[in-house]
Structures are given as C-alpha cells and as structure tokens.
Amino acid sequence: MDFRRFSLIALPYAWLLLLFLVPFGIVLKISLSDYALSIPPYTPTLDLTGGWPAIRDFLSQLDFENYVFLTEDDLYWKAYLSSVRIAAIATFITLLIGYPIAYAMAKAPREWQPTLLMLVILPFWTSFLIRVYAWIGILSSEGYLNQTLGFLGLEPVTVLNTNIAVYIGIVYTYLPFMVLPIYSTLEKMDYDLIEAAQDLGCTPTEAFWRVTLPLSRPGMIAGCFLVFIPAVGEFVIPSLLGGSQTLMIGKVLWEEFFNNRDWPVASAVAVVLLLILVIPIVLFQKNQEKQQE
Amino acid sequence: MNQPSSPQTPARPAGPGPATAFHPWDDPDAVPLIRFRGVTKRFGDFTAIDAVDLDIYPREFFALLGPSGCGKTTLMRMLAGFESPSVGAITLEGRDIVHVPPHKRAVNMMFQSYALFPHLTVEQNIAFGLKRSGMEKDAIEARVAEMLRMVQLQKFAARKPHQISGGQRQRVALARALAKAPKLLLLDEPLGALDKKLRQQTQFELVDIQERTGTTFVIVTHDQEEAMTVASRIAVMNEGKIAQVDTPGRIYESPASVYVADFVGDVNLIEGNARPVGQGMAEIRWREGVPAIRGQAAEPLVEGERATLAIRPEKIAISRERPEGRNNVVQGRVHDIAYLGNISTYHVRLPDGVIVQAQVANQRRIARRDFTWEDEVWLSWSDTAGVVLMR
Amino acid sequence: MSRFTWFNATSLTFGFAFLYLPMVILIVYSFNESRLVTVWAGFSTRWYGELFRNEQFLDAAWVTLRVAFFSATFATVLGTMAAYVLVRGGRFFGRTLFSGMIYAPLVMPEVITGLSLLLLFISINLDRGIVTIILAHTTFCMAYVAVVVSSRLVSFDRSVEEAALDLGATPFDAFRSVTLPIIMPAVVSGWLLGFTLSLDDLVIASFTAGPAATTLPIQIFSSVRLGVSPEINALSTILIGIVALGVVTASLISKRNLVRQARDARRAIQAGAEEGREARAT
C-alpha cells in the first residue's frame, strides 16, 4: 500500500476513532463509575502510570449501580417512555401533514418544482433555535394565537408549556425531513404506473391507494425515521416549548449533567438512550440500503 | 410459441392472396372497430395531430409508424383515454369514446416502459385489472393461470418484476394488458427495450398471440422492420398527419410520397422534370445530355412538373458491360462498398457527383467479388422498378 | 400533470403558510417599537441599534463565526477525504467500522455527542474553549460533508477518471485535475452545510464550550429561556435574512446552470441535425 493512499484513509479514520468512538468508550466507562464530590466528579479515575495492578483495581471498582438506579427511580423510565411516545405521535402528525405537501410538490408543474423544493429546504438552513423560538411568541398566553382568537371572539387557549406545544415544535422543525424523502420517491415514480392502473380499471383515487401510496412507502419510512430518531433525544424543543410536566430524556440528561452535576448517571442515561435508538437506526439503514437496490 | 425465426417469411400474405386472406379494408361492407374523424390535438401552440381520419378494423394488427414527435404516441394515448382530441370524434364500435375515462374503456395498453407495478408479483400484476372489474376470485385465478401459460411464465408467477429478465417483463406486460380481454390492445413501442435477436423472435410471438386471441392490436413503433413484420396495415405518420395507410407490401413497393419512400427502407431519390409517357408511366429528365429515366407514376402528373424517382437499391442491377434493352441505364464509378455479409451495398458515383446505391446479394465468397473500388460500372433497372413521386 | 389541482394547491398553500408564517411574524415584530413584543406600537429599528450595542452578543457572534469557519473548513477536507475513501477506496481493514462512524453522527442525538466529547476533553485535560468547539463541530459536520460529496462521487462517470489515468496522470493528478473539479459543487455545498450547522448548534456547543467562550446560540438560548425579547427578534431577522439571501443566490446560480445545460443540449441537437442534413446533401 503506498503512503498516499494510507494517509488518505488514515487521517479521517484516526479523527473519527479519536473524536467519535473513544468518547463513547469514555461515556460507557463513566456510566459504570460512581458519583464523587471531586474534579472530575466521579470515581474511580484510571491511572495508567500505576501499571497492571492499578488497572485491575480500577476495573474492580466499576459496577452497574447507575443502571440499577435508573430502573429504581421511575423518573427515568417514565422519561424514556414519554420521549418515545411524544416522538412517535409527533412523527405521525408530521407524516399526515408532510405527505400532502410532498405529493402536491411532485405533481406540480415541472418548472415550479425547483422553487417549491427551495421553499421546503430554506427553513432547514435557518437556525433551528430561532424556528423554535418563533413559536414562543405565537403560543404564549398573550401571544399572537390568543390575540387572534380574542379578535374572533373565542376563548383563549393555553398551549405554551404543554405537550401540545412540543408536538407543534417537532412537527414544525422536522417537517422538511418528512417532505423531502417522500417527495423524492414520488418524483422518481414512473407516471406510466398511474396510467397503467387507470388503464386497468382504477379510478384516479383507487390508483392513488393501490399504486402511489404503496410505492411511496420507502420515502415515508425514511421520513418517519428521520423525524423520530432525533425527536426522541430532542432537548431544545421540550425545554423552550414544553412545560414542567413534559418529560423528555434529552432534557433529563441535560439537567442531570448541568444542574445535578451527576456525570455517571448522565452517562448511563446516554448509554440507555443510545441502546433504545439502535433499533430504529439499524432499521433506517436497512431501509436506505433497500431503496438503493 | 418458439417459432423458428426467419425474418424473410412475411407474417401475412401481402396484397391479393388466397381466398382466406384478411383485408377488410377492401370490403365496402366491413364495419371498422375504431374510427377517427377529423381528429386534431393541440398542446398550446403545437399541433400534435392534424385533422386525422383513420379506420381500424376488428382483428387487425395495425401499426402506427413514424419518427419521434410525429404524433403516433398522442394518437395512441387518445385511444387509451389519456388524451382527448381538441377537435373531432373517435368512436369504438360506433360509440363515441372521447369522454369515457381510461378506466371505463374496453381498451388496454402495453406501456413502452412496461409500467409493471414494482410492489406486486408477476401474478398480482396480471390479476390487477381483473380485480378492478369485480370478477370472482376463482375466475381471476383461472384467468391469471391461463395468461401465465400463454406467455410461458408459470414458473415466475411469484417473482417481483425486478427479479425477471427484460424479455420476461415484456411478456408480463402483455399478459397483464390482455388479461381483461380488451376489444383493443395498444402496444407502445413494445419491443424497444429488447435486443435485436429477442426482438425478432418476440415479433412472431406477438403475431401468434394476436391471431390466437383475435384481439385487435394497435402498435406504435419507429422501427419500420418491426411494423413490416407484424402489421396487417401500417399508417406512416409525419408531423401530425397520416402520410399513407396501406399494407406493408404496398407501403414499400408503392410509396405515396418521397417522405414514405425515404422513411421505409433504403431508397435512391433522383429529382428532375417529369413527363407522362402513358400507361401510368412517367419519365424524368434529370440531367442534360443523358437519357431520361422511367418509373411508375404514383399519381397523374403534368409535363414539366418537378418530380422524384424513388428506386430501391436492391432493384438496381450492377454490371461491367452496358446492359442491352433497358431504358434506365446510368454509368458511374464504385465509390464505396458496404459489406454486410449477406449483401453488399455499392455506392456508385455518377459523373456529376450524385451517389446511387445498388444492393447485391453475396452469392459468392468475398474474395471473388466482381467489382471493387474505382471500377467503372453500369447501373440499370426495369421500367416498373421505380416510382415517380410528386410529393 | 401540468396544472395545480385544487387539492394540491390547497396543500401547498397551507403547508407553506405553516412553514413561513412564524418566521414572517418574527420579522415583522422585530420592527416593533414596544418592548412588549406581542403588542404592536409602531415601526422602529430601535432593537437593531440595541443589538449592535450589546457587547455580549457581538462577542458571541464573533466566536461563532470563527468556530463555524474553521469547523466547516476542516470538516470539508476530512469529509471529502472520507467520501473519496468510501466510494473509491476499495477494501481496507475496518472499512465497515469506518463507514459506520461516518454515518452515525447524522442520527446521533446531540446530547450524546456533546456529552461524550466533553468527557473526552476532560479526561485528556484539554481546556474547553474555541478549540474544543471546533474539534466537536468538525467531527459532526464531516459526516454531512461526506454524505453530500459521496453522493456526487457515486453518480459521476468513473470512466473520466480512468481516462485521465490512461492518458498518463498519476492517481493524485487525476484526483486534482479531473475528480475535484467535477465534485466541486458538492464540496462547496458541503462546506456551506457545515458552516450553517456549526453556526446553528446549541447542544454540542453547550457541552464543549468553556466559560471562556460563548457562542451565539448559547447566548440566544439563555436569554430566550426568560421569554421573548425584541433584541432576539432583531437578531433572528438578520440571521434569517442572511440565510434567505444565501439560499436564493445559490438557487439562482443553479437555475442559471440548468438554463445553460438546456441551451447546450439544444445546440448539440441542432449540430447533429445540421450534420445530418449536410450528409444527406452530398
């Protein structure tokens, strides 16, 4: 192997090993450590200068205590459950809203499509934080929504600091991730197939249900994963739009780390979150590979 | 189904033949299945179909032939119901079908892309149309089995379209379109995606299936050999108009215009001033100082009009000595030889630079070829070999 | 197919209203005179003035821009290398692990990435500051660059590279003079994507930034937690404006390229037709 090829591979490889894989090892290790009032706030710490006995001693002090703690305090498993539920419901709503948009884009006149595509992508380039922030002004008790309702002579509603606000936030910020993959499957779809279905006796509506919808399934699945996976670990939306009852694991982890400074428990929370997400991530990869066939 | 492929055998006797010959278009009492009357289709400023009148008879294998953009696909899509004419009427068995949506027409189509549903198996694809028609489950199964047998795909019934070969997909598309036993089957460039050998074989299979099912077929193609092989009649189209409708034999032997002569097969075109010489013959004066050449007049013509003599390369004889007793004789020099194995085409340059092609069957081995580059040769053909065309 | 149906027009109208109305409201109210952000009290650019006098915001913006620039640049170099290795590198030891590590940051919850990097920096005693944020951002941005560039690499015709090699170019020459110019648009959009992601990131930056360095999102987040503020509205408007300008410019450039391609294709067809006519004339 020549040196150029070696360095071409080695540089990004080493970078990812050091800054992606090794950190996970550290998270795993700390999740097995104990909380301590010290700097860094956990024990034991590995002292490689101590040689083999030090390492053995270090290993013997690691335990699953933090994981046991996670199962004992119902805050954690409730937070996991609630994160998955909120993410799932929000993903479903995003699908219901995103599909008609993607469909209408794919069916729009050719010359319009680049513009429509740009309009969907543009919010994605805009700061996520700002897009979430925009809803605070709309949903707050004296916000634009309640002003409008009052103008129409309707009762004001409480939305901010509830789970509904979290749903709105997720749907709003992740909508492009749903629309784009669905649009790309619909846009690639051979229009002959719809004509063939009609030729064989389908009304246009039947042709949609029997041909268009089943064929856009890979895009729908990809879109759902792209919304669901990050939504489970979401921190910004529940902390800005959610209320005290909104339990989401990203927020719990953040508070465990920054407010309680319990690094070992925070690490254990992260490890379990990752384990939960491994299944959808693997399924997502499978779906993508199948699509590329 | 696996007929030995011999492209030389015509699918049907062309022109007058045995008493059983099929030519309802010559029968004044025959009722057409499809009738186009004054059909025009405009897309914005563009006229895709221009005042077309056309009759297609039951059990015909009818070909729409023309280059891309000539309107043949639009004409077919009107039959399927995906386009409606801007002006004019289309009737199927005497009933106006212009406003009947595609899913209510007894017309099925085999798409150029095959348009097989990728999420359904071969079997489910074939059953798709039957299910829509509210057929009994048992009857559907029986019909699907029959169709699979017809296209010899029983073994692949459970496969998805991407798990079978291109030729098999083509057969699934055919079976799916025929499953509902339509009154009319439309085939849009059905063999375009197949390689040449498979295409030739499949052409005969198509003819065979058409004859067995007795369905009227309308095929759209840009491949003149394909049209000649399968069709009972061909409509040659050009820029939204029908240039000529006739049997393959007459399209080739008696083209109605320069366009048709040039589009179907190879042809030499010699332009000059025409003069009728009686008995449907005409003479063309094409160069000073050489004798005029003759051919059959396609239509009555007036002396002095510009006209073109169209003569097929295979009807021109090539010789070293001046042939005796022929009116149409020209002299030239062999400019180029295209050796195709079974035949050779000689490109002969006349003194004024015009190139005339003559085709000769290679009865001898190539080393014993009679003529070679730069040889002085004589070209000749009979009076009835060429056609004098006004358009 | 060529016109909007009633249903499709409705979906698009509502869909885009939902996407854009919140931002439009934000922009409109950034020009509100009143401190009470939900009550309109007349037009004013007062909050923009306040914003530019706010040292904290200006400092944070400067830090953010530097971080985004360096992260995007490093990520582009590393991500392009990674994409090239993945698409053209053939087999090598640990290839599966490598591709897994490239794509994983795309779906990794930010809290986990942030936490793990922080724990790394602490265990190697690296002081937290601009450098650590750049290291963290480079890592997660290079995944995006790799995806963008590799999709371009996959779609382009490999034989042009082989032609270059055949004509005597070394692999490095071939990359520099043939491959790189072809994938350049993807590399540029990878850089822009990395820049935007870095500019935008709150969670990872919160973990990896020390008290010495605060980025704009961290600053925004801490003031937004207290509620809506007109200064943030003004800041948001500026950021949205920059992005909109960038995206519109980019799409105009790509549209111009499309028009040029269409014109070239038309010319090619004409050239072919002319040649055909000439051939027939002789």
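B:Met76 sits in helix α1 (residues 72–80) of chain B. Helices here are DSSP runs of H or I with at least four residues, strands are E runs of at least two, and both are numbered from the N terminus. This is a predicted model: local features need pLDDT of at least 70, side-chain atom pairs count only at pLDDT 80 or more, and totals for chains, interfaces and linings use all residues. Residues are numbered from 1 along each chain as its sequence is written, while chains are lettered from A and ligands numbered from 1 in the order in which they are written.

Is B:Met76 buried or exposed? B:Met76 counts as buried, because it has 21 C-beta neighbours inside 10 Å. The cut-offs are simple: a residue is buried with 20 or more other C-beta atoms within 10 Å of its own, exposed with 12 or fewer, and partly exposed in between, with C-beta atoms placed from the backbone.

Which residues does B:Met76 contact, leaving aside its neighbours within four places in sequence? They are B:Leu64, B:Leu186, B:Asp188, B:Val218 and B:Val220. Contact means that the C-beta atoms of two residues, placed from the backbone, lie within 7 Å. B:Met76 and B:Val377 are 301 residues apart in sequence and 48 Å apart in space, C-alpha to C-alpha.

## The domains of chain B

Chain B is divided into domain 1 (24–106 + 182–258) and domain 2 (266–389). These bounds come from an automatic or database domain assignment. The C-alpha centres of domain 1 and domain 2 of chain B lie 34 Å apart. Their contact takes 5 residues from domain 1 of chain B and 6 residues from domain 2 of chain B. On the domain 1 side, 3 are nonpolar, 2 are polar and none is charged. The classes work like this: Ala, Val, Leu, Ile, Met, Phe, Trp, Tyr, Cys and Pro are nonpolar, Asp, Glu, Lys and Arg are charged, and the others, Gly among them, are polar.

## Chain A

Chain A has 14 helices and 2 strands. Its radius of gyration is 24 Å, well over the 19 Å that the globule rule gives for 293 residues, so chain A is more spread out than a compact globule. That radius is taken over C-alpha atoms, and the rule is 2.2 Å times the number of residues to the power 0.38. Of the 293 residues of chain A, 48% count as buried.

Now take one helix. In α6(A), 11 of the 12 residues are buried, so this helix is largely enclosed by the rest of the structure. Among the buried residues are A:Arg131, A:Tyr133 and A:Trp135.

## How the chains meet

Of the 2 pairs of chains that touch, chains A and C have the most contacts. That contact takes 61 residues from chain C and 66 residues from chain A. On the chain C side, α1(C) gives the largest share, 11 residues. By class, that side has 45 nonpolar, 12 polar and 4 charged residues.

Chain B also touches chain A, with 16 residues from chain B and 14 residues from chain A. α2(B) gives the most to the chain B side, with 3 residues. That side has 9 nonpolar, 6 polar and 1 charged residues. Chain B and chain C do not touch; their nearest C-alpha atoms are 8 Å apart.
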